[in-house]
There are 2 protein chains.
Amino acid sequence: MAAAKRKVGNLLALAVLSYLTVGPKHPYELSRLLREHQDDRSFRFNHGSLYMVIQQLAKAGFVAEQATMREGQRPERTVYAITDAGRAELRDWLRELVGSPDHEYPHFVAALSLIAALPPDEAVALLRQRSLRLGEQRAEISALVDGAAGVHPLFLVEEEYRIALLDAEIAFVARFIGQITDPETGWGPQWAAFHAGSLDKGDES
Amino acid sequence: MAAAKRKVGNLLALAVLSYLTVGPKHPYELSRLLREHQDDRSFRFNHGSLYMVIQQLAKAGFVAEQATMREGQRPERTVYAITDAGRAELRDWLRELVGSPDHEYPHFVAALSLIAALPPDEAVALLRQRSLRLGEQRAEISALVDGAAGVHPLFLVEEEYRIALLDAEIAFVARFIGQITDPETGWGPQWAAFHAGSLDKGDES
DNA sequence: GACTGAATAGTCAGAGTCAACTAATCTGAG
DNA sequence: CTCAGATTAGTTGACTCTGACTATTCAGTC
């Protein structure tokens, strides 16, 4: 529907286009910038795919090879500049990403959909462990945000978002543990029954 | 660290193993079950990769070819059964997924990290649009959950989780819009300035 | 002035993913 | 009876991704 397929699908390409709006760069410089600004927290980044993505962008006409210079006896450094089509793609893509949430597949959703395959007491133990880890992640991000005094909060908004999601997940996990263990309305016994019997989702009696 | 690399990485394999604990099945039956139970909401599923994943599982020794039968003149249907190694893998993988959250890359995180590249008023318009869409998604899931009366809530827990995340995101977006537009502490003007000037993340004065 | 480790710069094979295609069989309308 | 369309069942090929590998240069140090 809304999401026409992009010529270059990898989100890393979006980051590349964004850095190139500032000025032409060669691949390694992009790599360094991405690492320095810790964009690897937001974009799936590995050195290899960067070159791939730049090639794809070039083929699609979103960036253009500007010059091939050689400094000392180092390998050639090809400098790329963003094109008008590239600027258009950047804006359009960003608009789509911000304006239209799309269905994603977090690992925990998959895990939850099959969690009945574990015995209930083990599930509870693991959920408690998850909760601790989530708390640690939250603390790490907080530290990171606090450590970046002087940076305008606009440039940390993605970390605030992560924190919001983490808080929601922590709360959810706590509620879920409650539902399993609460002796009043507890699911524990029924769960154990499911577990002993068939693992079918019970759409027939 | 904790996450030793799985022989079969695709989460679809986890769903397959789970269905095979109930009994041996042939690929197409798995495909039908996955669709019927709407597991395509939790697992990235397309017909083609299913056959791939089953081959990988067979190579890794997690499932074994049980029989190759032929009914009428239809193509062969190879029936697969889970092995002991497969059952172990299923439990171990599930434990890891539940107990250890891992760093993921939601599209919106990427979008937020670059959102300063849009003019602030456009960003606000898009965020409002997102908020509406998120509300629609939430309503859809609610309807789906309500429509599934009779199914034990344990089997809908992944949808409850989605709702929790959606609510958190809706709240976050509202706060963010507030920060941009609030004339008291509003970021709007500064944003516009950033936008006019360099798009550098401002790590130096 | 030669050695070591880190940084620079890029390539590549293997594995994985996805959409499109083939091809048979079943179902029901006319 | 026969034809269209849905369903069943699986294959293929183009594209993408990732981790590992190569090779040069620079900074420090003994």
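In the predicted model, Arg138(A) has a relative accessibility of 28% and therefore counts as partly exposed. Its side chain meets that of Asp167(A) in a salt bridge, with an N to O distance of 2.6 Å. The two partners belong to distant parts of the chain, Asp167(A) to helix H7 (residues 157–181) of chain A and Arg138(A) to helix H6 (residues 120–147) of chain A, and they stand 29 residues apart. Asp167(A), at 31% relative accessibility, is likewise classed as partly exposed.

Chain A, in which this pair lies, contains eight helices and two strands. Read from the N terminus, its elements follow the order α-α-α-β-β-α-α-α-α-α. Of the 205 residues in chain A, 48% are buried. Where contacts in chain A join residues at least 6 apart in sequence, 61% of them connect residues at least 24 apart.

Helix H4 of chain A spans residues 84–99 and comprises 16 residues. The distance from its first C-alpha to its last is 22 Å, close to the 22 Å expected at 1.5 Å a residue. The buried residues of H4(A) are Gly86(A), Glu89(A), Leu90(A), Trp93(A), Leu94(A), Glu96(A), Leu97(A), Val98(A) and Gly99(A). An α-helix has 3.6 residues a turn, so residues three or four places apart point the same way. The cover over the buried residues of H4(A) is drawn from both chains: it includes helix H1 (12–20) and strand S2 (77–82) of chain A, along with helix H5 (107–114) and helix H6 (120–147) of chain B.

Over all chains, the structure holds 20 salt bridges. One of them is formed by the side chains of Asp92(A) and Arg6(A), at 3.1 Å from N to O. Because Asp92(A) lies in helix H4 of chain A and Arg6(A) in the segment before H1 of chain A, this pair ties together parts that are 86 residues apart in sequence. The two partners fall into separate accessibility classes: Asp92(A) is partly exposed, with a relative accessible area of 37%, whereas Arg6(A), at 17% relative accessibility, counts as buried.

In chain B, the side chains of Glu96(B) and Arg6(B) meet in a salt bridge of 2.5 Å, N to O. Glu96(B) is located in helix H4 of chain B and Arg6(B) in the segment before H1 of chain B, so that parts 90 residues apart in sequence are tied together by the pair. Both Glu96(B) and Arg6(B) are buried. In chain A, Arg6(A), Glu89(A), Asp92(A) and Glu96(A) are joined into one network by salt bridges that share partners.

The interface between the chains was examined next. Contacts involve 71 residues of chain B and 71 residues of chain A. The area buried between chain B and chain A is about 7,500 Å², and carbon and sulfur atoms give 70% of this area. Two salt bridges are counted between chain B and chain A. The side chains of Glu122(B) and Arg95(A) form a salt bridge, with 2.2 Å from N to O. Polar contacts between chain B and chain A number 24 residue pairs, with both residues at pLDDT 80 or more.

On the side of chain B that touches chain A, at least two residues come from each of helix H1 (12–20), helix H4 (84–99), H5, H6, helix H7 (157–181) and helix H8 (188–196) of chain B. H7(B) gives the most to this side, with 12 residues. Classified by residue type, the side of chain B that touches chain A has 39 nonpolar, 13 polar and 19 charged residues.

Backbone geometry was considered last. Most residues other than glycine have a negative phi. Gln38(A), a residue other than glycine, has a positive phi, near 55°. Gln38(A) is situated in the loop between helix H2 (27–36) and helix H3 (47–60) of chain A, and its relative accessibility of 41% makes Gln38(A) partly exposed. In chain B, the phi of Gln38(B) is also positive, near 55°. Gln38(B) occurs in the loop between helix H2 (27–36) and helix H3 (47–60) of chain B. With 41% relative accessibility, Gln38(B) counts as partly exposed.

Notes:
Residues are numbered from 1 along each chain as its sequence is written. Chains are lettered from A and ligands numbered from 1 in the order in which they are written. Side-chain values use heavy atoms; hydrogens and water are left out. Helices (H or I, at least four residues) and strands (E, at least two) are DSSP runs, numbered from the N terminus. The expected span of a helix is 1.5 Å times one less than its number of residues. Buried means under 20% relative accessible area, exposed over 50%, partly exposed in between (1.4 Å probe, protein chains only). Contact means heavy atoms within 4.5 Å. Buried area is the accessible area (1.4 Å probe) that two parts lose on being put together, summed over both. A salt bridge is a side-chain nitrogen of Lys or Arg within 4 Å of a carboxyl oxygen of Asp or Glu. A polar contact is a pair of N or O atoms within 3.5 Å; within protein, one must be able to donate a hydrogen and the other to accept it, and residues adjacent in sequence count only if both atoms are side-chain atoms. Ala, Val, Leu, Ile, Met, Phe, Trp, Tyr, Cys and Pro count as nonpolar, Asp, Glu, Lys and Arg as charged, and the others, Gly among them, as polar.
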